[in-house]
Amino acid sequence: MATLFFDLDGTLIDSAVGITRCVAYALEQMGEPVPDDAALRRWIGPPLRDSFGPLLGDAARTEAAVQHYRDRFETHGWAEHDLYEGIGEAVLALSAAGHRLAVVTAKNEPHARKIIGHLPFGHAFEDVIGATACGRLSHKPELIAEALQRLGLSAEGAWMIGDRHMDIEGARHHGMGSVGVLWGFGGEAELRAAGATRLAATPSDLHGF
């Protein structure tokens with residue numbers, strides 16, 4: 001049976017409110033103007049340092065912004081999300097069919113674990129692999145490598161399921177199959193351009209591995 005790695009934001013949960021509010025808070029704390037909602041949504045998916053860095057211009061200010069973001073996320077942002085309709089049923093069905101499941105996300109690992117621990121289907125995941133606070137692990141190729149190591153797997157027979165090009169490119173880096181989900185933040189054009197093996201329009205399409 002295939003092992004399935006799930007992205008978190010935009011795949012398991014609609015976390016737009018929590019992420020964008022935390023970004024806005026961090027920018028306010030740094031004395032920076034807060035962009036509109038469309039621009040804020042571009043923070044969903046990439047590592048925080050990749051988004052704050054070009055805007056703030058130096059490492060010290062970037063680290064300060066990341067810490068402000070995490071401070072608010074710890075108290076409020078982690079709970080500001082909705083579940084996508086049908087995703088819990090799909091995850092539980094895949095688990096019941098015998099697939100090993102894990103979460104692989106660019107979100108800070110303690111925050112990701114906190115979210116998964118409160119999901120009604122969170123017990124279906126064998127492990128949660130997320131970014132390290134120092135940034136050593138933050139991009140999908142590194143995170144997938146960490147997941148393979150923790151689970152004692154080779155890339156053969158593993159799939160990455162996610163909504164952004166970073167998920168698909170991370171899978172391709174390791175020669176893995178990938179499923180681009182169309183209910184998240186990336187969209188069909190982005191996922192096709194990244195080279196997704198398959199697309200899923202709804203969670204019920206996550207089958208046949």
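This is a predicted model: local features need pLDDT of at least 70, side-chain atom pairs count only at pLDDT 80 or more; totals for chains, interfaces and linings use all residues.
Colleague: What is the order of the strands in the open sheet of six strands?

Modeller: The six strands form an open sheet with parallel pairing. Neighbouring strands are turned by 25° against each other on average, direction ignored. Read across the sheet, the order is E5-E4-E1-E6-E7-E8.

Colleague: Which strands stand at the edges of the sheet?

Modeller: An edge strand has a single partner strand, so one side of it is left without a neighbour in the sheet. The strands in this position are E5 (127-131) and E8 (198-200).

Colleague: Which residue in E6 stands opposite Phe 6?

Modeller: Strand E1 (residues 3-6) and strand E6 (residues 158-162) run parallel and are joined by four bridges. Within this pairing, the residue in E6 opposite Phe 6 is Ile 161.

Colleague: At what angle does H7 run to E4?

Modeller: Helix H7 comprises residues 140-151. H7 lies across E1, E4, E5 and E6, with E4 spanning 100-108. Its direction relative to E4 is about 140°.

Colleague: Which strands does H8 touch as it packs on the sheet?

Modeller: Helix H8 covers residues 165-173. The direction of H8 makes about 175° with that of E7 (177-181). The strands touched by H8 are E6 and E7.

Colleague: Are H7 and H8 parallel or oblique to each other?

Modeller: The axes of H7 and H8 come within 8 Å and cross at roughly 55°. H7 passes H8 in a right-handed crossing. Angles under 35 degrees would count as roughly parallel and those of 65 to 115 as roughly perpendicular. The two helices are therefore oblique.

Colleague: How do the residues of the contact of H7 with H8 divide?

Modeller: From H7, Lys 140, Pro 141 and Ile 144 take part, meeting Met 166, Asp 167, Gly 170, Ala 171 and His 173 in H8. By class, these residues divide into four nonpolar, two polar and two charged.

Colleague: What is the handedness of the crossing in which H1 passes H4?

Modeller: Helix H1 (residues 16-29) packs against helix H4 (residues 59-75) at an angle of about 130°, with the axes 8 Å apart. That angle makes H1 oblique to H4. The crossing is right-handed.

Colleague: How many residues of the contact of H1 with H4 are nonpolar?

Modeller: H1 contributes Gly 18, Ile 19, Arg 21, Cys 22, Val 23, Tyr 25, Ala 26 and Gln 29. H4 supplies Ala 65, His 68, Tyr 69, Arg 72 and Phe 73. Three residues of this contact are polar and two are charged, while the nonpolar ones number eight.

Technical notes
Residues are numbered from 1 along each chain as its sequence is written. Side-chain values use heavy atoms; hydrogens and water are left out. Axes are lines fitted to C-alpha atoms, for helices over the stretch in contact, and angles run from 0 to 180 degrees between N-to-C directions. Angles under 35 degrees count as roughly parallel, over 145 as roughly antiparallel, 65 to 115 as roughly perpendicular and the rest as oblique. A crossing is left-handed if the near helix is turned anticlockwise from the far one by less than a right angle, and right-handed if clockwise. Contact means heavy atoms within 4.5 Å. Ala, Val, Leu, Ile, Met, Phe, Trp, Tyr, Cys and Pro count as nonpolar, Asp, Glu, Lys and Arg as charged, and the others, Gly among them, as polar. Two strands pair if DSSP finds at least two bridges between them.
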